[in-house]
Amino acid sequence: MIYHIPWIYTPARTVSAIWHQLTKTEVPELAKCSVLMRERGRVEETIHAMQRADAGSLQVISDFDMTLTRFAHNGKRVPTTHNILDNRLLINEDCTKKMRELWNTYYPIEIDAGRSADEKLPFMVEWWTNVHELLIEQKIRKDMLAQAVRESSAMLRDDCKVFFDHLAEHQVPLLIFSAGVGDILEEVIRQNHVFHPNVHIISNYMDFDHTGALRAFKGQLIHTFNKREGALTHAAALGELQGRPNVLLLGDSLGDLTMADGVPEPQNILTVGFLNDQVDERKESYLNSFDIVLVKDETMEVPNGILRYITSSRDNK
C-alpha cells in the first residue's frame, strides 16, 4: 500500500510525538500529488531524527543530470552535460550523429526495468567509453566550454537556487556525484550563480593538453551503475563530510542509491528519487528503493521543504 494520509498508518509513538504530528504540518510539500511513499511513517521518523540532530550532522549527496537539472521543459528534453557538448563550437556533425546513435542504443537499456544493475553495467561502460572516445577525437577546446553552456538550454530545476543557497547558508556540504562531464557541470552551476564553497563535485573531468585541447578524461570512468566504487574511493578525501552521519540523497536512477556508501557510520539516510520517464514501468521498483518518489516533478519544492524542516530552530519542535 502507498500511504498518502500523513499519520494514520505510522507506527505507535509517544503521545507527545503523535500530538505534535496532528497539530503541525512539518513538511507540507509531502502532500503534493507528485509525491509517493511506500512507508510514510518511516520517512517522517527519519526527518524528525535529522532535525533533532540539527544541520551540523547533515550532508546532501546528489546526482546532477535530471536530478538537479530539469528532465524536460515545455515538452522538450533538457540537455544533460554530455548533450551540451553537442554544439558546433565543440564537435562536428558526424560526432553528433554518432553520439545520438549511442544514446538511442544505450539509454533504453539504462532505464529498462526488466534488467538488473549487474546486467546493465557492461552496457554503461561501453556507452560512456565510446562517447568519451568520440569527444577526444574532436579535440574539444577548453576555452569554448563556457560559451557552449550559455548557448544551451540547460536548466536547473525550479527553486534549485533556493536549494543551493539554503545549504550554503547553513554550511551543509553538498556532494554532487555525476556520471556526466564535470567541466560542463561546474560551468552550469557557475552560470546559475550557485557554485558556493560548500559544493563538492565527483564526476568525469576532461584533461586538456598545453594548447587547451581535450586529450583524455581523468581518472576512473564514472557511470550510472558504478557510483558505489567512486563513493568509497573519494569519501576519505573529503574531510568536510566527516562527522556528518545524516544524509539526504537525491537521484533519478536506482544506481544513485549507492552514492552514500562511502559515508562512515551513517545514522539516518533519506533517499528521494525523481521518476522522470517511463513512470508506469518503473514506479514499483522506485517505490521499493527510494523513501520518497517524485513523479514528473520538475521542481525542488520537496527537497527544499525537507531541508527547511531539518534546519529549522530546535525551539520550534
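Visitor: Of the contacts with a separation of 6 or more, what share is between residues 24 or more positions apart?
Guide: Such pairs account for 73% of those contacts in the protein. Keep in mind that this is a predicted model.

Visitor: How many helices and strands are there?
Guide: The protein has 11 helices and 11 strands.

Visitor: And what percentage of the residues is buried?
Guide: Of the 317 residues, 54% are buried.

Visitor: Let's take a helix pair. How do H4 and H5 cross?
Guide: H4 covers residues 93–110 and H5 covers residues 117–137. Their axes come within 10 Å and cross at roughly 165°. Angles over 145 degrees count as roughly antiparallel, so that is what H4 and H5 are to each other.

Visitor: Left-handed or right-handed crossing?
Guide: The crossing of H4 and H5 is left-handed.

Visitor: Which residues meet there?
Guide: On the H4 side they include Cys95, Leu102, Trp103 and Tyr106. Among those in H5 are Phe123, Trp127, Trp128 and Leu134.

Visitor: How do the residues of that contact divide into nonpolar, polar and charged?
Guide: In the contact of H4 with H5, 14 are nonpolar, one is polar and four are charged.

Visitor: Back to Cys95. Buried or exposed?
Guide: Cys95 is buried: its relative accessible area is 1%, and the cut-off for buried is under 20%. Cys160 also counts as buried, at 1% relative accessibility.

How values were computed: Residues are numbered from 1 along each chain as its sequence is written. This is a predicted model: local features need pLDDT of at least 70, side-chain atom pairs count only at pLDDT 80 or more; totals for chains, interfaces and linings use all residues. Side-chain values use heavy atoms; hydrogens and water are left out. Buried means under 20% relative accessible area, exposed over 50%, partly exposed in between (1.4 Å probe, protein chains only). Axes are lines fitted to C-alpha atoms, for helices over the stretch in contact, and angles run from 0 to 180 degrees between N-to-C directions. Helices (H or I, at least four residues) and strands (E, at least two) are DSSP runs, numbered from the N terminus. Angles under 35 degrees count as roughly parallel, over 145 as roughly antiparallel, 65 to 115 as roughly perpendicular and the rest as oblique. A crossing is left-handed if the near helix is turned anticlockwise from the far one by less than a right angle, and right-handed if clockwise. Contact means heavy atoms within 4.5 Å. Ala, Val, Leu, Ile, Met, Phe, Trp, Tyr, Cys and Pro count as nonpolar, Asp, Glu, Lys and Arg as charged, and the others, Gly among them, as polar.
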